[in-house]
Amino acid sequence: MLKLFKRKNKDIFDRLDTNNLPKHIGIIMDGNGRWAKKRGLPRSAGHRMGAKVLEQITRDAGHLGIKFLTVYAFSTENWVRPKDEVDALMKLMTEYLDDYRRLIGDDDIRIRIIGSKEGLSEEILQKIDVVENATKDNRAITLNIALNYGGRDEIVQSVRKIGHMIKSGDIDPDLIDEKLISENLYTNYMPDPDFIIRPSGEMRLSNFLIWQSAYSEFWYSDINWPDFTRNDLIRSIVDFQKRNRRFGGV
């Protein structure tokens with residue numbers, strides 16, 4: 001599959017150092033509403049188009065050799081949006097989960113949902129279990145969908161778990177370190193993101209992977225997410241490969 005992808009996209013691969021790829025990319029899928037408004041469409045149309053773009057970008061990332069892709073789908077703060085928009089987003093998520101076999105096709109994609117289960121319907125929770133179990137042995141790329149996710153809330157949940165361990169006598173408070181906190185985050189099974197992409201022109205994290213992104217590289221663009229393409233993904237990675245990542249060193 002990778003050889004075929006390379007052959008069809010030779011001009012792109014000529015610009016890319018396949019030996020220096022980020023292992024984990026995070027994407028804040030922003031600009032769906034603005035994309036729809038610009039075209040006189042309801043915001044739900046932008047979210048639906050954004051979901052189609054996610055399908056393609058996930059496949060492309062897997063073919064490139066990216067092992068983990070985490071996308072910001074719905075934040076803990078998004079519940080305050082108009083009810084019709086929230087309902088449309090949840091309906092779209094339900095459809096996405098129902099249709100996962102067609103969405104991943106022959107690609108070896110593992111799907112994980114990260115975030116708080118509080119507030120999600122029983123129907124969505126059951127569908128999440130089905131999809132995660134059905135794709136758990138897929139290895140080419142792991143797609144993490146951050147649903148009802150907030151970075152601060154994630155850290156609170158981690159601290160709460162550790163607090164229960166202390167209360168039960170399983171650990172000594174003096175043994176708490178960064179590793180222990182990381183092990184109790186939603187992302188404990190993957191490396192921290194090397195690279196975070198945010199389209200739409202906004203230049204902030206918006207409570208996305210705030211612990212994990214301590215040393216992430218960032219790439220911002222005025223492109224709205226529904227207009228994001230394979231070429232934009234490649235262009236961002238090429239830019240990443242020009243960075244000198246020192247991790248506090250010289």
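**Exercise 1. State which backbone angle stands out just after helix α8.**

Helices here are DSSP runs of H or I with at least four residues, strands are runs of E with at least two, and both are numbered from the N terminus. The model is predicted: local features need pLDDT of at least 70, side-chain atom pairs count only at pLDDT 80 or more, and totals for chains, interfaces and linings use all residues. Residues are numbered from 1 along each chain as its sequence is written, and side-chain values use heavy atoms, with hydrogens and water left out.

**Exercise 2. Check the span of α8 against its number of residues.**

Step 1. Helix α8 covers residues 151–167, which is 17 residues.
Step 2. The expected span is 1.5 Å times one less than the number of residues, so α8 should span 24 Å.
Step 3. The end C-alpha atoms are 24 Å apart, which agrees.

**Exercise 3. Find the buried side of α8 and what it packs against.**

Step 1. Buried means under 20% relative accessible area, exposed over 50%, and partly exposed in between (1.4 Å probe, protein chains only).
Step 2. The buried residues of α8 are Gly-151, Glu-154, Ser-158 and Ile-162.
Step 3. These residues cover an arc of only 70 degrees around the axis, so they lie on the same side of α8; the arc is that of the directions from the helix axis to the C-beta atoms.
Step 4. Contact means heavy atoms within 4.5 Å; the buried residues pack against β4 (141–149) and α9 (178–183).
Step 5. Arg-152, His-164 and Lys-167 are exposed on the face turned away from the buried side.
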